[in-house]
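I opened the model to go through the chain contact and then one residue away from that topic. These are my entries in the order I made them.

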Number of protein chains: 2
Amino acid sequence: MPRHSVVISWITEGFDNVNWRAKMHSVREVLEAKSVAVIGASRDPLKPGAQLLNILKKVGFGGRVAGVNPQGGEVFEMPLYRTLEEVPFPVDLAVLHIPPAAVPAALEQCSRKGVKGVVISAEGFAEPGDRGAKYQEEVRAILQSTGMRGFGPNTLGLVNTATGLTTSYYASSRMMKPGSIGFVAQSGIFVGALLRYLSSLEGLQISKGIGLGNKVDVDECEALTYLMEDEQTRIIGMYLEDVRDGRRFLETARKATARKPVLLMKGGRTPEGARATVSHTASLAVEDALFDGAIRQAGVVRVLSIDEFIRTLKGFLFSPLPRGGRLALVTYSGAQAIMSIDTAVEQGLQVARLSDLTREKISRVISTPSKSKNPVDLFPDMLAHGFEKTAVEILGALLEDDGVDGIIFISFAIFGAEPYRPVVEFLRGHCHKPVFFSLLGTPKDMELANTFLEENRFPCYEFPEMGVRVLARMRKYALLQEERRI
Amino acid sequence: MPRHSVVISWITEGFDNVNWRAKMHSVREVLEAKSVAVIGASRDPLKPGAQLLNILKKVGFGGRVAGVNPQGGEVFEMPLYRTLEEVPFPVDLAVLHIPPAAVPAALEQCSRKGVKGVVISAEGFAEPGDRGAKYQEEVRAILQSTGMRGFGPNTLGLVNTATGLTTSYYASSRMMKPGSIGFVAQSGIFVGALLRYLSSLEGLQISKGIGLGNKVDVDECEALTYLMEDEQTRIIGMYLEDVRDGRRFLETARKATARKPVLLMKGGRTPEGARATVSHTASLAVEDALFDGAIRQAGVVRVLSIDEFIRTLKGFLFSPLPRGGRLALVTYSGAQAIMSIDTAVEQGLQVARLSDLTREKISRVISTPSKSKNPVDLFPDMLAHGFEKTAVEILGALLEDDGVDGIIFISFAIFGAEPYRPVVEFLRGHCHKPVFFSLLGTPKDMELANTFLEENRFPCYEFPEMGVRVLARMRKYALLQEERRI
């Protein structure tokens, strides 16, 4: 018998497949847990298990929380129960802060207690070698036979900002502010660090966070399906190191992208990177070019780095989708507009040709004919009419021009947010197209202006080419949606 | 007679070529001007010409300054002279804030006064049409016959932070802090905006700034030659929209890159972008692929956007060049390390293989064998030994390993600069390889940590892939230098 079928028969042995499916808890049930037990909660308040008990209290998780430690005792003024059985209330979710060898026995305890899902935080399963892999298979078999759902091992686990649930000892109240980004990561600590960073940015709060770790049970497909159906989630971000079942993933992705944008970063694009993923989350290498083509066809937006990911999130979350690829630029600097046009054309966008009416309207504030074309050059005419009037007149004309699908506004940040108040006031009522800003100035002025604009949901990019790239991605996504509708 | 030779004979007519070369002033003489006259200085203190008089006083220009206005009067408590002749001291540099049609007569005045160079700030020469082009040819002929050097038209002109000279009304004292970046831009206002922005960043002050505008006389080759020879300048940045004499530019670039790095951004990479450069600085289109190959062979570092330009500047200015392409990573996050390895390999770097001795040293602080390889994973061992000790031991081992040419250190920014003080203290004595940092945290913590590290000349990048790209560029530059030496 080949090794493959041995594994299959071993996994399916001993339970009826149909019954098993019927009993299996859903990812949603686990994410919506009303009670959490931390197994392996130390009496030492500095250890992760103890920290998590404290954090759940601090971030205002509405459900019940218990710590389990065979020695009993207490931490953060909470009693530690000697066994899970002793916990005096039903437990939906158990977080396991124990070594790999102790996990199987703990899972049996969880099953008896009626636990719906577990987060296995420990490392040392499949990453370093054969013994770990054996534990991991054992865990998989127990989960499947009991119907409990497992996240990890090697993960900080779950976040649900709607209920205040977190299984990460690396969380803060700010991180738990409800937002609309659903994030899945096949990683350990990265998901925590990135969510913490995102939560500090204007308007980029998350809805749900799911750390997959080594994916002993719940995988990218189930996580994606859950987020696709989750109403709090408006956009999905993923970091993956491998995809175990390519066909299933593409089918799921196709369904998900029809409902909301899915942005994907993948580690292991190169053979060297892929080799590193093996010791990180025991991933299987995939040929990147094949993978890339397939996911793009499924409507997934591929991003290559975290900064690109964040910039793209902003565009999709703050702005309507562009109805075409024709870009108009308003600028104080010919050079910056030209570099933006280069990027736009390289990324598949076009330079909008302004209508005669639009040029006529613009010429009320821009006297030089060569500057009232696209790119519209504010300088030096804005000195005569004032920045606010010039900007509002031009933006108004461009928004009304059916030949313009998106606008990049390139200007100075000199007086902080002030010059942009009347501009935002005007745009608020009129803006049915993406309008991105890119303002150059001192860090302080840029922060003031950008914060104001982004509070009003106008994305700002340090340099305009960054905004152009985002607009190009949004256009590709919109185009795919249009093609699907036909 | 073809149009081309008509123009040539018209330009060379009327003066002896050899004599003309002998009389011609150098770019250096103009940049080191000891006195400046602003022709067209308004009595209205808000107008650019008047502003410039005020700014030269404020930024502490050591030379003499005069304003010229046919109506006389005064502005900012300075008398305005009715003609340049009336200025009671010799004038090295004249800045012309007058319309195109008035420029030729002003140039004749300048020549009589013994002026060495002029900055022609006005737009409206070659950009919008034939009449402007005629003025521009007239200006060119006068400059060549008199030996005065001309910058512009359509430029903010010159900055020399060593002497406090600026011809830009868009300057500030902070912008004039002496640094070592020489910057040349074929643009109008962009050079001013970018220099202002650079001056706000840690360690990125400039030495000289040269705005070429429409290049009626001084062009990219002469500017590059000047900066190559200028001792204050350690690195050269260029923004160009065209190169008028390809062969001459490549020869000049080859000489310059042998002495210091030259980073180049070019507007008009695409046909659409190139079309826009015509109305911006009346540029001629060049096939970008040809141009790109040629300049890279000449050792020029091509950068595609302003943010890339700034990140690359930091790497070259703060760090030694890597002696090979073998990269080591220290990380808290497997995911971030893997994405960095992907980028490194895509950019031509290799993943360093650590020596047995290095791994042994690292294993003193990192207990898991799979984590003491490259990428070295700090987490969770750093919790046991403390961040500072762990970081210093690992960095020490990597710096001593001859198989490592550059290091990317990926970590958290949680406690601001504090955790990095002992690390920098240690590195200060030991660092003969590039060590770049990438720290993730709240914006405030990141700013504290990054500012501290960059004050100590360790480049910080928001995300590690950015640092990897810079290291790859530095390696390519170093390799070319090594090949030239053979």
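The entries below cover the interface, then a strand residue.

Entry 1, extent of the contact. I noted that the model is a predicted one. I counted the residues in the contact: 59 from chain A and 59 from chain B. I then looked up the area, and the two chains bury about 4800 Å² between them, with 69% of it on carbon and sulfur atoms. I asked which three residues supply more than any other three on the chain A side. They are Y197(A), I338(A) and M339(A), which supply 12% of the area that chain A buries against chain B.

I found 2 salt bridges across the interface of chain A and chain B. One I looked up joins the side chains of R269(A) and E346(B), at 2.8 Å from N to O.

I listed the elements of chain A that give two or more residues to the side touching chain B; among them are α7 (190-199), β13 (262-266) and α19 (464-485). I see that α13(A) gives the most, with 10 residues. By class I get 30 nonpolar, 16 polar and 13 charged residues on this side of chain A.

I placed A94(A) in strand β5 (residues 93-96) of chain A. I wrote A94(A) down as buried because its relative accessibility is 0%, and the cut-off for buried is under 20%. Leaving aside neighbours within four places in sequence, I find A94(A) in contact with residues including A37(A), I39(A), C110(A) and V118(A). I also looked up S35(A), which is 59 residues from A94(A) in sequence and 8.6 Å away in space, C-alpha to C-alpha.

Conventions: Residues are numbered from 1 along each chain as its sequence is written. Chains are lettered from A and ligands numbered from 1 in the order in which they are written. This is a predicted model: local features need pLDDT of at least 70, side-chain atom pairs count only at pLDDT 80 or more; totals for chains, interfaces and linings use all residues. Side-chain values use heavy atoms; hydrogens and water are left out. Contact means heavy atoms within 4.5 Å. Buried area is the accessible area (1.4 Å probe) that two parts lose on being put together, summed over both. A salt bridge is a side-chain nitrogen of Lys or Arg within 4 Å of a carboxyl oxygen of Asp or Glu. Helices (H or I, at least four residues) and strands (E, at least two) are DSSP runs, numbered from the N terminus. Ala, Val, Leu, Ile, Met, Phe, Trp, Tyr, Cys and Pro count as nonpolar, Asp, Glu, Lys and Arg as charged, and the others, Gly among them, as polar. Buried means under 20% relative accessible area, exposed over 50%, partly exposed in between (1.4 Å probe, protein chains only).
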